[in-house]
Amino acid sequence: MYTCSEIKQIRIRYIDDTDRDLTPEEVSEVCEMANKTDDSIERVVIKQEEKEVRYVEINPKKYKTLMNAEGTVLKPMPPY
C-alpha cells in the first residue's frame, strides 16, 4: 500500500496547537504497521498517540507566507 522509502517525514499537529515530528525510526515503524494492518498512516498515528490529534501531515511542504514590502500579510499559507 505505502512505499516506506518515499515517506521521509511525518508531522503531527495536536488539538492544543503543538507539533511533533516523528523520528525516522518511528516513521518506518508507522509505515510498516499501516501496510501490515492495511490501514492509513493517519489512523495508525492517531491510535498510537496519547494526546488528541488534530491532523497528520506526510512529507509536509515548506510553507512561506506572501508579504509585501511593509510586512503586511497578503496571502496566509497553511497551517494557520
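Me: What is the torsion about the S-S bond of Cys4 and Cys31, and is the disulfide left-handed or right-handed?

Reply: This is a predicted model, in which local features need pLDDT of at least 70, side-chain atom pairs count only at pLDDT 80 or more, and totals for chains, interfaces and linings use all residues. Residues are numbered from 1 along each chain as its sequence is written, and side-chain values use heavy atoms, with hydrogens and water left out. A disulfide (a pair of cysteine sulfur atoms within 2.5 Å) joins Cys4 to Cys31, with S to S at 2.0 Å. The torsion about the S-S bond is about -95 degrees, so the disulfide is left-handed.

Me: Which parts of the chain does the Cys4 and Cys31 pair tie together, and how many residues apart are they in sequence?

Reply: Helices (H or I, at least four residues) and strands (E, at least two) are DSSP runs, numbered from the N terminus. Cys4 lies in the segment before strand S1 (10-14) and Cys31 in helix H1, so the parts tied together are apart in sequence by 27 residues.

Me: Is Cys31 buried or exposed?

Reply: Buried means under 20% relative accessible area, exposed over 50%, and partly exposed in between (1.4 Å probe, protein chains only). Cys4 has 26% relative accessibility and counts as partly exposed. Cys31 has a relative accessible area of 1%, so Cys31 is buried.

Me: How are H1 and H2 oriented to each other?

Reply: Axes are lines fitted to C-alpha atoms, for helices over the stretch in contact, and angles run from 0 to 180 degrees between N-to-C directions. The axes of H1 (residues 24-37) and H2 (residues 41-48) come within 9 Å and cross at roughly 110 degrees. Angles under 35 degrees count as roughly parallel, over 145 as roughly antiparallel, 65 to 115 as roughly perpendicular and the rest as oblique. H1 and H2 are therefore roughly perpendicular.

Me: Which residues in H2 are met by residues of H1?

Reply: Contact means heavy atoms within 4.5 Å. From H1, Glu29, Val30, Met33, Ala34 and Thr37 take part, and they meet, in H2, Ile41, Val44, Val45 and Gln48.

Me: What is the phi of Asp17?

Reply: Asp17 sits in the loop between S1 and strand S2 (19-21). At 47% relative accessibility, Asp17 counts as partly exposed. Asp17 is not a glycine, yet its phi is positive, at about 65 degrees.
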